Amino acid sequence: MNDKDIEERKLPNQTTGLVITNIGKNSPIDYLNVGDVIIEAQKKKIKSIEDLEDIVDTALKSNQKTILIVIYNAQNQRRYIGVKLD
């Protein structure tokens with residue numbers, strides 16, 4: 001996210017996160033939409049795709065069953081989503 005994204009979406013200043021630009025057809029996650037912003041995963045701020053990948057990799061290696069993701073949706077509502085890992 002950049003300052004323009006934050007301003008256009010009317011999000012709090014200093015918001016960091018990843019804007020979802022594509023969701024694969026075989027994605028098991030049907031709660032997310034293109035345009036949603038992932039701001040946290042497992043209570044850690046997301047600033048890059050690498051941050052998210054590291055959290056997912058760590059969770060998979062530790063046999064965790066779910067990851068808690070925090071997003072802003074298209075209506076700028078903060079949502080908490082539990083993503084089941086397979």
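1. Let's start with Asp51, which sits in helix H2, residues 49-61. Please keep in mind that this is a predicted model. Asp51 counts as partly exposed because its relative accessibility is 26%, and the buried class takes in values under 20%.

2. Which residues does Asp51 touch, once those up to four places away in sequence are set aside? They are Lys45 and Ile46. Its side chain also reaches the backbone nitrogen of Lys47, at 2.8 Å. For a further bearing, take Ala41: Asp51 and Ala41 are 10 residues apart in sequence, with 8.9 Å between their C-alpha atoms.

3. H2 has 13 residues, so at 1.5 Å a residue it should span 18 Å; the expected span counts one less than the number of residues. The end C-alpha atoms of H2 are 18 Å apart, which agrees.

4. Now for the faces of the helix. Leu52, Ile55 and Ala59 are the buried residues of H2. They cover an arc of only 65 degrees around the axis, so they lie on the same side of H2. Thr58 and Lys61 are exposed on the other side of H2.

5. What covers those buried residues of H2? The cover includes strand E1 (18-19), strand E2 (37-41), strand E3 (44-45) and strand E4 (66-72).

Note on methods: Residues numbered from 1 in each chain as written. Predicted model: local features only at pLDDT ≥ 70, side-chain atom pairs only at ≥ 80, totals over all residues. Heavy atoms only, no water. Helix = DSSP H or I, 4+ residues; strand = E, 2+ residues; numbered from the N terminus. Buried < 20%, exposed > 50% of the residue type's maximum accessible area, 1.4 Å probe, protein only. Contact = heavy atoms within 4.5 Å. Polar contact = N/O pair within 3.5 Å; in protein donor to acceptor, adjacent residues only side chain to side chain. Arc of directions from axis to C-beta.
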